[in-house]
Amino acid sequence: MIPGKNTTVEKNDSQKEKYGSFSLFDIEHFLRRVLKNWYWFVLMLFIGYGLSWVYSKYYAQNIYASDLSLSISNNTSSYFTPSQSINFIWGQGGNQDGVYLKKMLLSRTHNEFLVKELDLFVNYSTKGIIKSTYLDKDDSPVYLQIDKKYPQQVNYPITLIPKSGNTYEVILPDEGHSTNLYSYQSEGFTNIGQYERPANKIIKVGEWYTSPNLKFRLLSSHLAPKIKLNNIIVSLSTVNQSVKDITSTIGVEFDKEISTIMIITKKGYNLNSTVNFLNRSVSQLQKKRLADKMLVDKNTDIYLQDNLTTIRKKLDSSANVLNYMKTTEKLYDIKDRDEKSLTRIKDLEAKKADLESKLASLNQIKNSLESQNFDKMINTTAAGFQDGLFTASVSELRALYLKRREMALIYKPNSEPMLEINRLIDEAKTGSSGALRNYYTGYYNEINKINQQVANANADLSSYPEKQRKYLDAERGYNMIEATYNSLLGRQNETHLRMAANQSDISVIDPAKNVGQGPIGPNVKAAKAGIIGGLLVLPLLFILVGEFLDSKIRNIRELLNATRIPLLGVIGNNSNENMLTVLDQPKSSVSEAFRGIRANVRFLSGENDASKVILVTSSIGGEGKTYVSINLASVLGLSDKKTILLGMDLRKPKIFGDFKIDNQYGISNYLTGEVGVDQIINKTRIPNLDVATSGPIPPNPSELLMSSRNVKFIEDLKERYDFIIIDSPPVGLVADSYELMKYSDANLYVVRHEYTEKYMLKMITEKYHNGEINHLGIVYNDYNTKQGYGYGYGYGYGYGYGYGYFDEDKNYKEPLLIRIRNKIQSIFNKK
């Protein structure tokens, strides 16, 4: 049975529009192409593995990380600890000191101090055949000491080659020497005159090397290097660039359980470099913070001592006056004293004395800020308060003043950088002044309240005689001075205690250490997978793009779904040199396919004994319609049916060559009346097969084929032959075949595998489903047998293998995937 022949489908307009339309993407064919091109994937796999190995071996720069943990004590904030922004501190809660310290560790000022103090702007590396390896200063047998007063060229590789003894050859690049040099004093660039490239030179350790763009000397490292280096490459960078590089690789986190424990992490290309930086950074931080805090506390101690000296003199003077009144005036024993009021007045005046002492300290802090005399700054504890926000403001202000002093050497007063730093200074001053105003307001309000309370208490003492009131006033004055003295003395003791404990506010728990940590990056495995995966995707993308751009018919199932035209058979690839396959290879699978088509053709026109006219056409030339016509006619002739093959493709005659027939006279001659029917009919080696060739190419082939003479010609042949096979013109080029189909009993449309364009089937499909063409079937030609089993057994045999039944089976070798599948099936089928 012909597939789709008896399938009745009600066709609406939307369904008709779909006929002849192929899907954009054929997943089955795509997978077949992927399997067919398996060798590209294997090649890409090997190339990807090789590239990933080279990358990991010679190009991937390992990134290492080391960490240091420290404990933060309370009140670690210092006036002179640099930070970048006061706003970072605002709103912070319980771990304000820790957050402040974190900001400080990440600040530009602190890291700039480290860069300058430890010469971190000098970078070391060594180069092998391909790969460069970064070095720490301690990894090199020598290190560079530059003359910071001398302009230097940055980002300019200096190669040191070890020579005999304690000497090194200095090799500079052939090109790249610049006249734009960097000053490490002003941290800016300056231009010099043109000069020749500095020559290579051998220098001793400790000897100065001087050129127009460099001045340095080599010093021996205090540690013996672990490996011998054939070369040492040194390059200088600007302070600003070094600070940026360092701050971008530092991370600071707090312990989740104990917030006062801080973990500092440093990443870099050299493990020793990260370890040394962390330990040096924290060590310098401890020293600098201790020095800053000691300076403030020393200033506070001096300030308090000066005040104590002054107050001591006042206290002695007041005691003398009081003793004089006791001994001379005999007023030490006043009768009916109001002890309750006197005690209350004494307490209030003691509080007032303490507040006035704090106000004096506050004035001292304010004067230091206004005069920018930070070296005389005292601790806020002397003023009776501890304010981390105010401390941060003062610290920020001091750092900004110092920075402005440095920038003033480089920039003009009205330049953009100077205007910006002045703006930041104004903001910091506003913050610190605001905090001071708040404390001033609070202290003055408290003093006013005390004064009011004292005045109320004095009213109760107005009844005392004048001498007694004088004595009470002298006693109150002495008590106030004594209270002030005691308050200052208490703050001095606090300062001494703080000075003694200053070194313990930051303590290292676990220093950074090289314990052979492995690299944390790059992710070599992911990089390898990316390289290999990327290369494997390339052929997949090429195949995918080719699949989307491919407009050829490559899939039988898709063809039938799109056209809904019955499939009469599938013809395999013709390995014969001529087109007489049925005659030359009668036992081949292709010949058997034509026999299947012969059997299926009867379903198109119905089974009867009348002569049948079978028309064979295609979209364009080259699809095999002539080949199908010849072999179908041969099959019918060999089956003892009187058959004639008509070459009605008058524009491109072909049939005569394969049958070795003279094409001098043919159908074109008969239709023009030049010759009779018998003169154009030629016998073949098949007794029941005759052939009428096209003849010479006429100037009006369409008119001849559509003429009444041609209709009568076909009708006459029906009387003489059982089957008439018409090799007609391709319908995709001319309309002649559509006219001839009116007189045919069956129409065969040849589609060639991987040759016929999909869009060419649109017209024939629409005419078939619109009822303009009847009795139409598709013959699928030139199917590649190596692609698998084919579409189905019942459609013509010519695209699989016959297990030894056909001639070509002796040379047939099953595809690898099929052999593997069959082997697996045989294993599981064993009982």
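**Close-up views of a predicted model**

**View 1. Strand β21 and its parallel partners.** Strand β17 (residues 612-618) runs parallel to β21, and five bridges connect the two. Strands and helices here are DSSP runs numbered from the N terminus (helices H or I, at least four residues; strands E, at least two), and two strands pair if DSSP finds at least two bridges between them. Within this pairing, Leu 615 has Ile 726 of β21 as its bridge partner. Strand β18 (residues 643-647) is also parallel to β21 and is joined to β21 by five bridges; Gly 647 stands opposite Asp 727 of β21. The structure is a predicted model, in which local features need pLDDT of at least 70, side-chain atom pairs count only at pLDDT 80 or more, and totals for chains, interfaces and linings use all residues. Residues are numbered from 1 along each chain as its sequence is written, and side-chain values use heavy atoms, with hydrogens and water left out.

**View 2. The two sides of β21.** Five of the five residues of β21 (residues 723-727) are buried, and the strand is mostly covered. Buried denotes under 20% relative accessible area, exposed over 50%, and partly exposed in between (1.4 Å probe, protein chains only). Phe 723, Ile 725 and Asp 727 point one way from the strand, whereas Ile 724 and Ile 726 point the other way.

**View 3. The ends of helix α5.** Ser 107 belongs to the loop between α4 (96-105) and α5 and is buried, at 0% relative accessible area. This residue caps the N-terminal end of α5, with a side-chain oxygen 3.2 Å from the backbone nitrogen of His 110. The criterion for such a polar contact is a pair of N or O atoms within 3.5 Å; within protein, one must be able to donate a hydrogen and the other to accept it, and residues adjacent in sequence count only if both atoms are side-chain atoms. In α5 (residues 108-118), the buried residues are His 110, Asn 111, Glu 112, Leu 114, Val 115 and Leu 118. After α5 comes Asp 119, which has a positive phi, near 55°.

**View 4. The buried face of helix α6.** Val 239, Ser 242, Val 243 and Ile 246 are the buried residues of α6 (residues 239-247). Viewed down the helix axis, these buried residues fall within an arc of 100°, so they line one face of α6. The arc is that of the directions from the helix axis to the C-beta atoms.

**View 5. Aromatic pairs.** The whole structure contains 11 aromatic pairs. In the pair of Tyr 39 and Trp 40, the ring centres are 5.9 Å apart and the planes lie at 40°, so the pair is tilted. Rings of Phe, Tyr and Trp (its six-membered ring) pair if their centres lie within 6.5 Å; planes under 30 degrees apart count as stacked, over 60 as edge-to-face and the rest as tilted. Tyr 39 is partly exposed at 43% relative accessibility, and Trp 40 is partly exposed at 41%. Tyr 134 and Tyr 269 are stacked, at 4.7 Å centre to centre with 15° between the planes. This pair links distant parts of the chain, 135 residues apart: Tyr 134 is in strand β3 (residues 132-135), and Tyr 269 is in the loop between β14 (261-268) and α7 (271-328).

**View 6. Arginine over tyrosine rings.** The charged end of Arg 312 sits over the ring of Tyr 485, at 5.7 Å from the ring centre. Arg 752 lies over the face of Tyr 755, 4.9 Å from the ring centre. A charge sits over a ring if NZ of Lys or CZ of Arg is within 6 Å of the ring centre and within 35 degrees of the ring normal.
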